[in-house]
Amino acid sequence: GITRKPGTVVFEFLPPVPAGLKRGEFMTEIKTRIEALRTAGYTQFTIQLVPGQEHALADWVRIRKAFA
């Protein structure tokens with residue numbers, strides 16, 4: 001089953017990251033967005049992988065490790 005805990009759930013949808021960014025530009029954009037969420041008090045976030053782009057999961061693992 002699902003474990004439920006009292007609290008508030010907040011959903012916020014940010015604009016998509018622009019297409020065509022080079023890896024370094026992409027990483028800078030993502031780090032900036034994640035830091036802004038952290039500064040705003042968010043402690044968790046979720047990403048969406050577009051079908052056919054599952055290889056991007058490895059990039060997200062690297063991003064996650066950068067914030068550990």
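I began with a definition: a nonpolar core is a set of buried Ala, Val, Leu, Ile, Met, Phe, Trp, Tyr and Cys residues joined through side-chain atoms within 4.5 Å. Buried means under 20% relative accessible area, exposed over 50%, and partly exposed in between (1.4 Å probe, protein chains only).

This is a predicted model, where local features need pLDDT of at least 70, side-chain atom pairs count only at pLDDT 80 or more, and totals for chains, interfaces and linings use all residues. Residues are numbered from 1 along each chain as its sequence is written, and side-chain values use heavy atoms, with hydrogens and water left out.

**Core.** I looked up the largest nonpolar core and found 5 residues: Ile-30, Ile-34, Trp-60, Ile-63 and Phe-67. Helix 1 and helix 2 each supply at least two residues of this core; helices here are DSSP runs (H or I, at least four residues), numbered from the N terminus.

**Ile-34.** Setting aside neighbours within four places in sequence, I found Ile-34 in contact (heavy atoms within 4.5 Å) with Phe-45, Ile-63 and Phe-67.

**Helix pair.** Which residues of helix 1 meet helix 2? I noted Arg-23, Phe-26, Met-27, Ile-30, Lys-31 and Ile-34, against Asp-59, Trp-60, Arg-62, Ile-63 and Ala-66 in helix 2.

**Val-9.** My last stop was Val-9, in the segment before helix 1. Val-9 is exposed, at a relative accessible area of 64%. From Val-9 to Arg-23 I logged 14 residues in sequence and 32 Å in space, C-alpha to C-alpha.
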